[in-house]
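Hello,

Here is the structure I promised to pass on. Please open it alongside this message. My notes on chain B follow below.

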Amino acid sequence: MSKTKRDNLITYGIVILAFIIFQVLSATGNLSSHMKGLLVPMTYYAVIAVALNLCVGILGELSIGHCGFMCIGAFTSAFFSKVTEEVLPTAPRFIIAFIIGIAFAALFGFLIGIPVLRLKGDYLAIVTLAFGEIIKNVINAFYIGVDSHGLHFSMKNAMELNMEADGQIIVNGAMGITGTPHDSNFAIGIAVLLISLFVVLNLINSRDGRAIMAVRDNYIAAEASGINVTRYKMMAFTISAAIAGAAGVLFSHNITTLTASSQYFGYNASIMILVYVVLGGIGNIRGSVIAACILYLLPELLRGLNTYRMLIYSIVLIVMMIVNWSPKVIEWRKRTFGNLLKKSGKEMA
Amino acid sequence: MALLEVNNLSISFGGLRAVGDFNLKIEKGELYGLIGPNGAGKTTVFNLLTGVYKPDEGIIKLDGQDITRKNTIEINHAGIARTFQNIRLFKQLSVIDNVKVGLSERIKYSLFESVFHLGSYKAKEKEMEEEALRLLKVFDLDGEKDILASNLPYGKQRKLEIARAMATNPKLLLLDEPAAGMNPNETKELMETIALVRREFDMTILLIEHDMKLVSGICEKLTVLNFGRVLCQGETKEVLADPEVIKAYIGD
Amino acid sequence: MSFLTYLINGLSLGSIYAIIALGYTMVYGIAKMLNFAHGDFIMVGCYIIFSVSAALSGNPIIGILIAIVLCTLLGITTEFVAYRPLRGAASPLAVLITAIGVSYLLENVALLIFGADIKSFTSVVKWEGITLFDGQLKIQGVTIVTIVVSIVILIVLQLFINKTKQGQAMLAASEDKGAAALMGINVNRTIMLTFAIGSALAAIAGALLCSAYPSLSPYTGAMPGIKAFVAAVLGGIGSIPGAMIGGLVLGIVEILSKTYISSQLSDAIVFGILVIVLLVKPTGILGKKYLEKV
């Protein structure tokens, strides 16, 4: 078995082991109801961390608007589930909800990718932030209702929907969608995480994944090697958005009132995911899953830590970047580390 | 018919004519040198040949096919591969993965097969692995196949860049100052590598070079550029004896 | 007449964006980095003025002066500790992510010291303003002061860049750091000076922003900071008059779209402009073209 194959199996193993541990704890009554409530959010944050790491670590482009794609996945799937709640049984409804949430997030990832991926570095990052905010703001201004005549839309307010008396408001502007069926649970969250990992890890270890990383490392050389740079950037960005959409589906089917608020979908939320990715290791998919789970659970468990949580994260973020990327620190590390190696070599001789 | 035929190629940048009325004919199997003082427009010619710049005038034909206004990717697919003056490897990929990227337009499978590792994934990956190893062996890099490209010593990075270019199965290989930054030993080894590429792959090569020793040692024909224009063209010996060339290089 | 009022409000908001954008554009032009934390310097400035005013309960000028000095020091320190070590890093994302970290750090320090509740900021401009057309058009004092201050800053900065040795050094460093260093310019010191100026401007912008919109929280600076970056890109990054034009356009668009289209969608419209500008003319209104050499 090759090393990458073994590494990937270890990653799946860790996720499955964590699932079993939590299930055992829960079955033996060792899990508080507060803790149980954290399990599904933990999975969708891990899923979106995988998505963002595909974009930042593998494609090499910083997105600070990924929660926008999560938002699209959340709203489109919640809309579908709410409309069909009476008509369809749970299992097929939730499966279709996933397909819809993922498809819409992928579609928007593709459409937004066309302009965004023509840019580079800082500009690209700020435009992803812009799109994330645009998505959030537009959804906040959306009103959709349904009555016997079908669907009604408005961008102004609920009155403008002009519905019959039997009408029901589904998307109520900034008040969002209320009463989406609670279809998400921990097992489904873990399944979605495993599928996301499977897709991303397989992709990395394939012809397309290598091309994506080649574009990241040197797009000029990639073009000269016949690699269609735009195609591979779009591919990675769209897949990343689709996975973020899946996280959104888990999110919206785990919450009573879904609103496009800054807390969940603003750029600050996207930056929070970026913190998971950076602390888990840029380009290290397993690392971002572990970082997302630990960083999400830890402050919730140690309440005292919550006050200082963001402060600590920000300091760790800065220190990590300097330690890992500063040319001077890297040189210093090489010198010190190199000397140590030489020394141990001599001792062995 | 010549493998590469360039007629009246010209390009200007903001009124400055970087390359003008450039003509070149390379026969299949030739090792051709493009030399000239700094700023003569040598790299600009390469960038025109590989579609990085679009010429203002002129025609470029590869094996009879007009590739004049094609983009870099199409030109690579048409059969021109290149290396860069300042080595451009995929630094965070392993040595063998660098070559596999070069192979990935030749040995293909779908995105669906990539994501789910189904269908022809296994067979094609195996084929790619074997082909990449075969190439690495030629360049004596198979011992380092799993280390990161950025951790290779300089001379081997240059070799890997050539190996990657060869992986795209080109008709014509362009080498942009391959000996830049090399010590005499490395240069000697490079000359052997270039000779090897010709022998092993029956390759046609166009190279830009400053190092006169390297040029006179291996190139059969030369074109000398000065101020964006062809100063002299022909057999290596004759060109190097031309008083105009000596003047351009050494000065009055 | 109400349109004129909105237009003037837009000009005032735009002037604030312009002052912040000047800091962005200078830092980006010279250090080639997006200082994501720039907006949070505004917030820091506001809290300093707020605290000093509360302590001295007197003239806000002292508060503003202290804020300018402390923000300048903060800017210099940030540059030295967090950004300078990453100059020349292999990935351009490194310094951007660090700047995001600094932004988070400042917001959370403020959160710990002052709490999340919104403080009501007392305007630093005591002047009531003027009334025109028999009371039909009322222009607030802070609006006039904001516009005047931004014009003065623009003129002073232009003179500084074009007439002083330090300013010329900045221009040189923004063109080519290596060549500038060979000409005897201390690039590190020049970048530090740029950060100092940008941060001082952020403090001034903070005083004006919170005087016009008197609610102060740890997140006060974040959104105006991002919008000011949009303004800097709109005007052409690295261009001082560009930052001014970009800021004014953005301020007017924001106020008018809030009034006539939808307050919910005004931010989306502002960001939509950024997207369109970067697609149609990625270098902005007054920006220069840049090509990567192969």
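First, the layout. Chain B splits into domain 1, covering 1–79 + 170–252, and domain 2, covering 89–167. Keep in mind that this is a predicted model. The C-alpha centres of domain 1 and domain 2 of chain B are 27 Å apart.

The two domains touch. Domain 1 of chain B puts 13 residues into the contact, and domain 2 of chain B puts in 10 residues. On the domain 1 side, helix H7 (residues 184–201) of chain B gives the most, with 7 residues. By class, that side of domain 1 of chain B has 7 nonpolar, 3 polar and 3 charged residues.

Next, the sheet. In chain B, 6 strands make an open sheet with mixed pairing. Their order is E6-E7-E8-E3-E9-E10. Strand E6 (80–82) and strand E10 (229–235) of chain B stand at the edges. Each has a single partner strand, so one side of each is left without a neighbour in the sheet. From one strand to the next, the twist averages 20°.

E6(B) runs parallel to strand E7 (residues 172–176) of chain B, and 3 bridges join them. One residue pair to find: B:Ile80 has B:Leu172 in E7(B) as its bridge partner.

Last, a helix on the sheet. Helix H1 (residues 42–49) of chain B lies across E6, E7, strand E8 (204–208), strand E3 (31–35) and strand E9 (221–226) of chain B. H1 of chain B runs at about 145° to E7(B).

Best wishes

Technical notes: Residues are numbered from 1 along each chain as its sequence is written. Chains are lettered from A and ligands numbered from 1 in the order in which they are written. This is a predicted model: local features need pLDDT of at least 70, side-chain atom pairs count only at pLDDT 80 or more; totals for chains, interfaces and linings use all residues. Domain bounds come from an automatic or database domain assignment. Two residues are in contact if their C-beta atoms, placed from the backbone, lie within 7 Å. Helices (H or I, at least four residues) and strands (E, at least two) are DSSP runs, numbered from the N terminus. Ala, Val, Leu, Ile, Met, Phe, Trp, Tyr, Cys and Pro count as nonpolar, Asp, Glu, Lys and Arg as charged, and the others, Gly among them, as polar. Two strands pair if DSSP finds at least two bridges between them. Axes are lines fitted to C-alpha atoms, for helices over the stretch in contact, and angles run from 0 to 180 degrees between N-to-C directions.
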